[in-house]
Number of protein chains: 2
Amino acid sequence: MEIVFLLYENFTMLDAIGPYEVLRGIPKAQIKFVAKESGLVRNDADVPLLNAAYSLDEVKSADILVIPGSPNPAAAIGDAATLAWVREIDTTTRWTTSVCTGALILAASGLLQGRRATTHWLTLEVLRSFGVEPVSERYVRDGKFITAAGVSAGIDMALELLAIECSVEVAQTTQLMIEYDPKPPFDAGSPAKAPATIVAQLRKSFSLA
Amino acid sequence: MEIVFLLYENFTMLDAIGPYEVLRGIPKAQIKFVAKESGLVRNDADVPLLNAAYSLDEVKSADILVIPGSPNPAAAIGDAATLAWVREIDTTTRWTTSVCTGALILAASGLLQGRRATTHWLTLEVLRSFGVEPVSERYVRDGKFITAAGVSAGIDMALELLAIECSVEVAQTTQLMIEYDPKPPFDAGSPAKAPATIVAQLRKSFSLA
């Protein structure tokens with residue numbers, strides 16, 4: 001069982017590491033971090049923190065593909081070689097998944113055409129421009145494609161995937177090991193719940209370059 | 001505002017990356033990942049994924065110190081130089097914090113003596129051997145020390161710290177940006193909620209080496 005994470009400049013760390021800690025629960029999981037070039041990949045704070053052991057050329061298949069998001073995925077969306085790689089890997093996967101705006105990369109590759117999907121709440125409507133039906137849910141499964149909402153939603157999505165792929169017991173065991181019994185001190189994690197002024201400020205300051 | 005994450009062989013990635021994504025919400029935060037030697041640090045899957053740009057020798061102070069946990073923190077707990085560094089940094093901090101079994105490293109350094117603290121549910125009673133009062137809560141604040149429960153609890157702890165250090169609005173803004181509106185598909189994230197058989201299996205298989 002090979003699980004492949006696609007890294008690219010400007011990606012968000014938690015989008016990858018949330019699902020990573022969960023999908024490790026799959027017995028015999030072999031996990032690869034892959035980027036255009038192997039080595040440290042700069043994240044969305046422009047810091048080289050996470051290491052891709054493999055280049056795109058070195059990885060030609062995956063059982064599960066995970067595409068993390070970025071506050072600015074424009075470069076990845078505009079990179080024909082990355083999109084071609086995503087399409088090629090997808091022909092081999094059991095599950096093709098994304099977290100946050102990783103869904104826009106998946107959509108740009110054409111793979112979500114006519115499907116239902118979700119992404120970060122700030123970019124939900126962007127999906128339409130790729131012929132994808134935006135759905136405001138924590139994660140959305142359509143066939144073998146599972147897309148998660150913003151950043152932390154990848155943890156919930158991965159637990160669901162673990163249950164489907166292995167069993168509810170394996171998912172619950174992993175949940176208990178990572179003590180995922182969330183108790184955020186505030187209830188501001190979605191635009192429907194956060195103070196309207198904060199939602200408005202973020203909408204105003206955000207733009208996809 | 002300098003935020004320092006202590007990395008060490010066998011640490012758990014999400015323990016560090018959860019708080020990392022949240023504490024970045026502090027304006028002008030300067031974040032450093034530090035390890036005994038700079039460079040890639042092997043995680044608890046024995047994979048060199050995360051990069052420490054600094055060695056312990058290069059960092060002598062922090063406003064906020066974060067110590068992530070590990071399924072086996074024995075080596076770090078037994079390393080006198082690491083514990084001395086933790087004590088030295090602590091003399092400069094506004095907040096000294098831990099996630100998961102990072103609390104055991106903090107406890108071993110002597111800094112939690114006589115204080116209330118929490119850690120991963122599997123190791124809660126170990127705190128007593130260091131003269132620390134174990135508390136079964138999502139995170140525990142005692143003076144400038146904040147300790148979080150297992151792995152994912154670091155996200156909740158960091159949101160609380162963000163609110164104390166900056167404001168509730170800053171914490172809510174960050175929560176909304178990382179769309180932290182958790183909806184785990186199962187309710188098995190604590191030993192009180194998970195199926196008893198799973199709790200028993202994990203208790204049986206777990207030991208601190």
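## Two helices side by side

In chain A of this predicted model, helix α5 (residues 153-165) and helix α6 (residues 168-177) pack with their axes 6 Å apart, at an angle of about 145 degrees. Here helices (H or I, at least four residues) and strands (E, at least two) are DSSP runs, numbered from the N terminus. Axes are lines fitted to C-alpha atoms, for helices over the stretch in contact, and angles run from 0 to 180 degrees between N-to-C directions.

Which residues of α5(A) and α6(A) make the contact? From α5(A) come A:L159, A:L162 and A:A163, and from α6(A) come A:V168, A:V170, A:A171, A:T174 and A:Q175; contact means heavy atoms within 4.5 Å. By class, six of these residues are nonpolar, two are polar and none is charged. Ala, Val, Leu, Ile, Met, Phe, Trp, Tyr, Cys and Pro count as nonpolar, Asp, Glu, Lys and Arg as charged, and the others, Gly among them, as polar.

## The sheet of chain A

Now for the strands. Chain A has an open sheet of seven strands with mixed pairing, in the order β5-β2-β1-β6-β7-β11-β10; two strands pair if DSSP finds at least two bridges between them. At the edges stand β5 (54-55) and β10 (139-142) of chain A, each with a single partner strand, so one side of each has no neighbour in the sheet.

Strands β1 (residues 2-6) and β6 (residues 64-67) of chain A pair in the parallel sense over three bridges, and A:F5 has A:V66 in β6(A) as its bridge partner. Helix α1 (residues 13-23) of chain A lies across β1, β2 (30-35), β6 and β7 (95-99) of that chain, running at about 170 degrees to β1(A).

## A look at chain B

In chain B, β10(B) and strand β11 (residues 145-148) pair in the antiparallel sense over four bridges. B:D142 has its bridge partner, B:F145, in β11(B). Helix α5 (residues 153-165) of chain B lies across β6, β7, β10 and β11 of chain B, at about 165 degrees to β7(B).

## How the chains are related

## Reading the names and values

Residues are numbered from 1 along each chain as its sequence is written, while chains are lettered from A and ligands numbered from 1 in the order in which they are written. In this predicted model local features need pLDDT of at least 70, side-chain atom pairs count only at pLDDT 80 or more, and totals for chains, interfaces and linings use all residues, while side-chain values use heavy atoms, with hydrogens and water left out.
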